[in-house]
Amino acid sequence: QNIDHFIITLWGGSECSHFLTLPSLCYARCVFEGQEDKETIRKRFYEATGENYDAIRALDAPNTLAASYLELPEIDFCRYVLFQDVFSGYFDTVLKEGSCERYDEKADELLQMKKHSRFGYLFEAEAALLRAMYIKHDLGLQLRRTYKAGDRTALMKLREKITAAAQAVKEFHTAATVVWKTENNPQGME
């Protein structure tokens, strides 16, 4: 009440698209104007952008999916998985083995949503991130458990999963490069 102006800032460099903040900006504007009804917010978002509010919000799945079942905040969860060195176990304490099935399903959903958006390249990038997370999520936990059990046969099988994880991360990097070059200067992606 009695607020005439407010400022919203975006932090974190350009690791994610600024367009992903549009739902938050629309939501803030609607709430500021006293319109908190979800359907009104969806309608206003579509009127302003021509995009589906829920589809653009779904692009945050790499953070929201895991946070929901790991009981963690939704802040940058994908970094735990993407930047995890599967041999160090640094983030293993916040991950659960076998809890990543939804990543692959959500990647498929995002690829379907891209057909109805001018931001198709964002859906492709987030789907690629989810695919990398699907493979990498509990790989460190599996490696450690298998190593401690002394199961060399299982370790040899995990070698294929390590190769698949590296390939999935490369595919995500390629998709992230497309996002960067579409929305930013060509410099800085390195």
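Let me start with contacts. Take the contacts in this protein between residues at least 6 apart in sequence: 61% of them join residues at least 24 apart. Keep that in mind as we walk through. One caution before we go on. This is a predicted model.

Now the overall picture. How many helices and strands does the protein have? Nine helices, zero strands. Read along the sequence, the pattern is α-α-α-α-α-α-α-α-α. Along the principal axes, the C-alpha atoms fill a box of roughly 65 × 35 × 30 Å. The protein has 190 residues, and 36% of them count as buried.

Let's begin with helix 2. Helix 2 covers residues 38-49, which is 12 residues. What span should we expect? At 1.5 Å a residue, helix 2 should span 16 Å. Its end C-alpha atoms are 16 Å apart, so the two agree.

Which residues of helix 2 are buried? Ile41, Phe45 and Thr49. Look down the axis of helix 2. The buried residues fall within an arc of 40 degrees, so they line one face of the helix. Turn to the other side of helix 2. There, Glu39, Lys43, Tyr46 and Glu47 are exposed.

What do the buried residues of helix 2 pack against? Two helices: helix 1, residues 22-32, and helix 3, residues 53-58. Then look just past the end. Just after helix 2 comes glycine 50, with a positive phi of about 75 degrees.

On to helix 6 and helix 7. Helix 6 is residues 101-113, and helix 7 is residues 120-136. Their axes come within 8 Å and cross at roughly 165 degrees. An angle over 145 degrees counts as roughly antiparallel. Helix 6 and helix 7 are therefore roughly antiparallel to each other. The crossing of helix 6 and helix 7 is left-handed.

Which residues meet there? From helix 6, the list includes Tyr103, Ala107, Leu110, Leu111 and Met113. From helix 7, it includes Phe123, Ala127, Leu130 and Tyr134.

Stay with helix 7. It has 17 residues. From first C-alpha to last, helix 7 reaches 24 Å, close to the 24 Å expected at 1.5 Å a residue. Is helix 7 mostly covered or mostly uncovered? Mostly covered: 14 of its 17 residues are buried.

Let's zoom in on one residue in helix 7, phenylalanine 123. Its relative accessible area is 0%, so phenylalanine 123 is buried. What does phenylalanine 123 touch? Leave out residues up to four places away in sequence. Then the list is Ala55, Ile56, Leu59, Leu110, Leu111, Met113, Lys114 and Ser117. Pick out leucine 59. Phenylalanine 123 and leucine 59 are 64 residues apart in sequence. In space, C-alpha to C-alpha, they are 6.6 Å apart.

Helix 7 also pairs with helix 9. The axes of helix 7 and helix 9 come within 8 Å and cross at roughly 160 degrees. Helix 7 and helix 9 are therefore roughly antiparallel to each other. This crossing of helix 7 and helix 9 is left-handed.

Now helix 8. Its buried residues are Leu139, Gly140, Leu141, Gln142, Leu143 and Thr146. What covers those buried residues? The cover includes helix 7 and helix 9. Just after helix 8, glycine 150 takes a positive phi of about 70 degrees.

How do helix 8 and helix 9 lie against each other? Helix 8 is residues 139-149, and helix 9 is residues 152-183. Their axes come within 10 Å and cross at roughly 165 degrees. That makes helix 8 roughly antiparallel to helix 9. The crossing of helix 8 and helix 9 is left-handed. In helix 8, the residues taking part are Leu139, Gln142, Leu143, Thr146 and Tyr147. In helix 9, they meet Ala154, Leu155, Leu158, Lys161, Ile162 and Ala165.

Not counting residues up to four places away in sequence, leucine 155 touches Leu143, Thr146 and Tyr147. Compare leucine 155 with glutamine 142: 13 residues apart in sequence, and 9.0 Å apart in space, C-alpha to C-alpha.

That's the tour. Thank you.

Conventions. Residues numbered from 1 in each chain as written. Predicted model: local features only at pLDDT ≥ 70, side-chain atom pairs only at ≥ 80, totals over all residues. Heavy atoms only, no water. Helix = DSSP H or I, 4+ residues; strand = E, 2+ residues; numbered from the N terminus. Expected span 1.5 Å × (residues − 1). Buried < 20%, exposed > 50% of the residue type's maximum accessible area, 1.4 Å probe, protein only. Arc of directions from axis to C-beta. Contact = heavy atoms within 4.5 Å. Axes fitted to C-alpha atoms, helices over the stretch in contact; angles between N-to-C directions. Parallel < 35°, antiparallel > 145°, perpendicular 65-115°, else oblique. Left-handed = near helix turned anticlockwise from the far one by under 90°.
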